[in-house]
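The structure comes first, and the description follows.

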Protein chains: 2
Amino acid sequence: MAPILDRVCSGLAPDAVVTDVGSAKASVVAAVRAAAGRVPPWFVPGHPIAGAEHSGVEHSFAQLFEYHRVILTPLPETDPAAHARVREMWQLVGAEVLDMEVDHHDTVLAATSHLPHVLAFCLVDSLARRSENEAIFEFAAGGFRDFTRIASGDPVMWRDICLANREAILEIIARFQADLAEVTAAIARRDGEALTETFRRAKVARDTHVVGKSGAVR
Amino acid sequence: MAPILDRVCSGLAPDAVVTDVGSAKASVVAAVRAAAGRVPPWFVPGHPIAGAEHSGVEHSFAQLFEYHRVILTPLPETDPAAHARVREMWQLVGAEVLDMEVDHHDTVLAATSHLPHVLAFCLVDSLARRSENEAIFEFAAGGFRDFTRIASGDPVMWRDICLANREAILEIIARFQADLAEVTAAIARRDGEALTETFRRAKVARDTHVVGKSGAVR
């Protein structure tokens, strides 16, 4: 973001409005602040919660944002007119737009997107590095396929996201590792009750809060 | 398995052949040995690599096993005629049948099925236990949905699998935790090169070895 913003800032028309689609917002705000020397009123940080494992404009399609959410994270310095303009742009392509604090956005996305991607990349790499990897992948069933689909994401983009949202990601990984250690300890001590309880809580949360099979929000 | 095998063993016709569909095989072999007092020639341990997050006969359908693999793990004691009969049964419903050593089966399945399920259950539970869980799940996008679908599996069945294949699962979790700790350390020290390398290796392995979106093997 930083080198692109350096170039953008030097050639803007006076009434230009700039937004972005990055998956981490605090780092973009810091980059634009560095490039413009302040948090400029014409910048509206944004993040559409849409897309698949493919990157690049060649994978775009007209319905990509329909019924998907777009989070905007305006700052006190943001011009309300610029904010309204970006909101309207997203609504025109069918998205549901809502505002969020920068830090809250970065925490929520670390949990729901960045952590799952790190886990999927790490799982596939962990298995691929084992000597039996050919046989291992050969017997991967449908659940494994869905579970690891996000490991087909663009490696460079995900490197950038990990670095851009580094602190929130490290915090949520640490929590996950502690929770995984608890489940592992329950397996080790043959604690069936603790396992059933954990798995049931997860199933209820998943079935209650996460519905639908498409990329649509609801 | 154990109480059911106790009942099965006492009422078998002399020419009966018995197989099973459990996701772990060493524990079934131990249970049948305990129930029959030996590894009986009429028992053919089996595992169809098919199914979804729903359990129970009411979720069965005629095409469930078509183009899916079934792994049989016959033992030196197994009657070749019993083995052939079970193989033919699976082939008749459209499955591709192959043989594997008991321990190899349990290692491969721990990696491709049991570990991903433990991670999915653990991730969803980890997020659900956070105070902001409502907001967190509200912003879960399509990738999260696919990634956590397997956390809708039956909690009691997965408890049983974790206990039945305990050692292989503990071993693969330990490896995964070590690999996740490496990735986490790379994020912490802002090592973009290490992250790109890991993510790229995973993407290549995933795109090469795991293709298709349905539950079909190929």
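Helix H9 (residues 192-209) of chain A packs against helix H7 (residues 155-164) of chain B at an angle of about 140°, with the axes 8 Å apart. This is a predicted model, in which local features need pLDDT of at least 70, side-chain atom pairs count only at pLDDT 80 or more, and totals for chains, interfaces and linings use all residues. Residues are numbered from 1 along each chain as its sequence is written, chains are lettered from A and ligands numbered from 1 in the order in which they are written, and side-chain values use heavy atoms, without hydrogens and water.

H9(A) and H7(B) are therefore oblique to each other (under 35 degrees is roughly parallel, over 145 roughly antiparallel, 65 to 115 roughly perpendicular, the rest oblique). Axes are lines fitted to C-alpha atoms, for helices over the stretch in contact, and angles run from 0 to 180 degrees between N-to-C directions. The table lists the residues in contact (heavy atoms within 4.5 Å).

| Helix | Contact residues |
|---|---|
| H9(A) | Gly192(A), Leu195(A), Thr196(A), Phe199(A), Arg200(A), Lys203(A) |
| H7(B) | Pro155(B), Val156(B), Trp158(B), Arg159(B), Cys162(B), Leu163(B) |

Chain B also holds an open sheet of three strands in the order S3-S4-S5, with mixed pairing. Strands S3 (46-49) and S5 (96-99) of chain B are at the edges with a single partner strand each, so one side of each has no neighbour in the sheet. Helices (H or I, at least four residues) and strands (E, at least two) are DSSP runs, numbered from the N terminus; two strands pair if DSSP finds at least two bridges between them. S3(B) pairs with strand S4 (residues 69-72) of chain B in the antiparallel sense over four bridges. Gly46(B) has Leu72(B) as its bridge partner in S4(B).
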